[in-house]
Amino acid sequence: MNKDVNIKTLKINKPLKLDCGQIINNFPLAYETYGVLNEKKDNAILIFHALTGDQFVSNVNPLTKKDGWWSYAVGSDKAIDTEKYFVICANVIGGCLGSFGPSNTNPETNKVFGITFPIITINDMVNAQFNLLDFFKIKKLFAVIGGSMGGMQVLQFVSNFPDKTKIAIPIACTSSHSAQNIAFNELGRQSIMADENWLNGNYSNQNKNPNKGLSVARMAAHITYLSKNGLQEKFGRKLQERDHLKFSFDADFQIESYLRYQGAVFVDRFDANSYLYITRAMDYFDLSKQYDGNLSKVFSKTKTKFLIISFTSDWLYPTSENKEIVIALNAIGADVAFAEIESDKGHDSFLLNVPKFLNTLKDYINISYLKD
Amino acid sequence: MKPEFKIIAKLIEKNTRVLDVGCGDGTLMEFLKDDSKIDIRGIEISKNNVQKCIGKGLTVIEGDAEKDLIQFPDRSFDYVILSQTLQAFLNPEKVISELLRVGKKAIVTIPNFGYWKVRLHLLTKGTMPITRTLPDEWYNTPNLHMCSIKDFFNFCDDREINLYKSIALQNLKSSKITNTNLTLKNLTAVLGIFLIEK
């Protein structure tokens, strides 16, 4: 990590008991804020990031120098308008952008944790971030919003804290990680662990990095974020800077070159062990488990208003899985709106410029803020 | 706004839970919400309409009334409204029974195929009737199961569905439909509005 970049960090002194049984103490939670918290403190929105996201939602990410990961949705006059709302986003624990994670040094051994870091869950991530409310002295958030793994955190947040947010917007997510999604995550993890430089998670203590494994993990995952039609339309069988096939294993096709690029830029900004930990947290996510599979019971205490959004071409977190959440909420008479947005951009739709999605989000947020 | 919305609003008591099935762009929902303290939800199949409703802050879910009413528990609403869409379903009989399961009462409105202009059109021109309430051609109409007010009366009668209130609408004028004036109303009404319960 670039040490010159100023990363806001909250030191959390309240002990946090993790689902795995371990208790963590005095740990860092890195966060970023946008906009201004008003006097009534009723305009705060907590955004949860997805697997490879970070706290830099909008503006320019100071580390990558690229736009924040949700710049299409968050910013001045955007769907989540930072002129009106105070937006907070934290790096999840287990992550690698300043929050407590496997790339931190274990004070007891003076070595990087690696895979001696405790296994964390979506529940642990949410409980750690809840400390931000105390820190900013916010009694109740206006909204919790997130897509993909961020959506899982939204659901977990309302489950854990039924009256701590006015509205909740889980996007393109699920209440229970499917076998297919666990399988894709396992593929990524095995790819990292098969890299000779992974060294059983000890790579940073020996100044190595499992870049090949991590980049293959990213390439495989990236395919799952897109749709068949989207890929076909963008790349088809187009060749990469050549007129003929080379009869070799070079990146002949544009799609190959694109994926290799995605893999290569990813390893510069992401820690391989964090990838293992966060994908594991997603796999362990099964919100209704403690209620014998009855998802309605998870939300029985809440008066939070929900807007659930899915995308037609998202096959990773398909409409059917998002709808299960809608059905569970309707079964208990909760206030739930649901829209499936037409898009050929696959799971990544929520991160991209999809006007129907962004307009629906914007209007719903603005009108919900005005209403009691 | 459709003229029947005002009549529907009068049928609904305050402080109740209402589901608008096929809520369109949410016009009726907004009207009911402004008018009285009603907790109103909607279900709508058109993506554009759903997005419009959500943008207005209405609690609407995207879904197909023929498949998705199943998610609502028995008698979870005081009223379930179905405005001029019964005839567009593949299986209206099943939809009615779902409405009466989910709602303690249901409000159903139907364009009356027994209306004299409809009959006259078919009689004189010999082609499928086109009127203000039935504006489409036979080949592009969404209406699969047209019925008359009398048909609906018989339908309810056969299934022991209680017709709590029956109202005929004609040129913005509304009047009660009774067993004695049924034949006349079936000829003069453009639209039938029914409050039913099982």
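**Where the parts meet**

Analyst: Taken over C-alpha atoms, the centres of domain 1 and domain 2 of chain A are 26 Å apart. Keep in mind that this is a predicted model. Domain 1 of chain A is made of two stretches, 8-178 and 286-370, and domain 2 covers 182-279. Where the two touch, domain 1 of chain A puts in 26 residues and domain 2 of chain A puts in 21. On the domain 1 side of that contact you'll find 11 nonpolar, 11 polar and 4 charged residues.

Now for the contact between the chains. Here 15 residues of chain B meet 21 residues of chain A. On the chain B side, the elements giving two or more residues are α3 (47-55) and β3 (59-62). The top contributor there is α3(B), with 5 residues. Sorted by class, the chain B side comes out as 6 nonpolar, 6 polar and 3 charged.

So what does α3(B) pack against? One partner is helix α10 of chain A, residues 355-370, and the axes of the two helices come within 7 Å and cross at roughly 30 degrees. Angles under 35 degrees count as roughly parallel, and α10(A) and α3(B) are therefore roughly parallel to each other. From α10(A), the residues making the contact are Lys356(A), Asn359(A), Thr360(A), Asp363(A) and Tyr364(A), while α3(B) brings Gln51(B), Ile54(B) and Gly55(B). By class, this helix pair has 2 nonpolar, 4 polar and 2 charged residues in contact.

Once you set aside neighbours within four places in sequence, Asn330(A) is in contact with Val336(A) from its own chain and with Gln71(B) and Phe72(B) from chain B. Asn330(A) has 24 other C-beta atoms within 10 Å, so it counts as buried. There's also Ser296(A), 34 residues away along the chain, whose C-alpha atom is 8.3 Å from that of Asn330(A).

If you're curious about burial, have a look at helix α2 of chain A, residues 149-160. Its 12 residues reach 16 Å from the first C-alpha to the last, close to the 16 Å expected at 1.5 Å a residue. Of those 12 residues, 11 are buried, so α2(A) is largely enclosed by the rest of the structure. The buried set runs through Met149(A), Gly150(A), Gly151(A), Met152(A), Gln153(A), Val154(A), Leu155(A), Gln156(A), Phe157(A), Val158(A) and Ser159(A).

Finally, two loop asparagines with backbone angles to check. Most residues other than glycine have a negative phi. Asn110(A) is not a glycine, yet it has a positive phi of about 60 degrees. You'll find Asn110(A) in the loop between β9 (105-106) and β10 (111-112) of chain A. With 8 other C-beta atoms within 10 Å, Asn110(A) is exposed. Over in chain B, Asn171(B) has a positive phi too, near 45 degrees. Asn171(B) lies in the loop between β6 (162-170) and β7 (173-176) of chain B. Asn171(B) counts as exposed, with 8 C-beta neighbours inside 10 Å.

How values were computed: Residues are numbered from 1 along each chain as its sequence is written. Chains are lettered from A and ligands numbered from 1 in the order in which they are written. This is a predicted model: local features need pLDDT of at least 70, side-chain atom pairs count only at pLDDT 80 or more; totals for chains, interfaces and linings use all residues. Two residues are in contact if their C-beta atoms, placed from the backbone, lie within 7 Å. Helices (H or I, at least four residues) and strands (E, at least two) are DSSP runs, numbered from the N terminus. Ala, Val, Leu, Ile, Met, Phe, Trp, Tyr, Cys and Pro count as nonpolar, Asp, Glu, Lys and Arg as charged, and the others, Gly among them, as polar. The expected span of a helix is 1.5 Å times one less than its number of residues. A residue is buried if 20 or more other C-beta atoms lie within 10 Å of its own, exposed if 12 or fewer, and partly exposed in between; C-beta atoms are placed from the backbone. Domain bounds come from an automatic or database domain assignment. Axes are lines fitted to C-alpha atoms, for helices over the stretch in contact, and angles run from 0 to 180 degrees between N-to-C directions. Angles under 35 degrees count as roughly parallel, over 145 as roughly antiparallel, 65 to 115 as roughly perpendicular and the rest as oblique.
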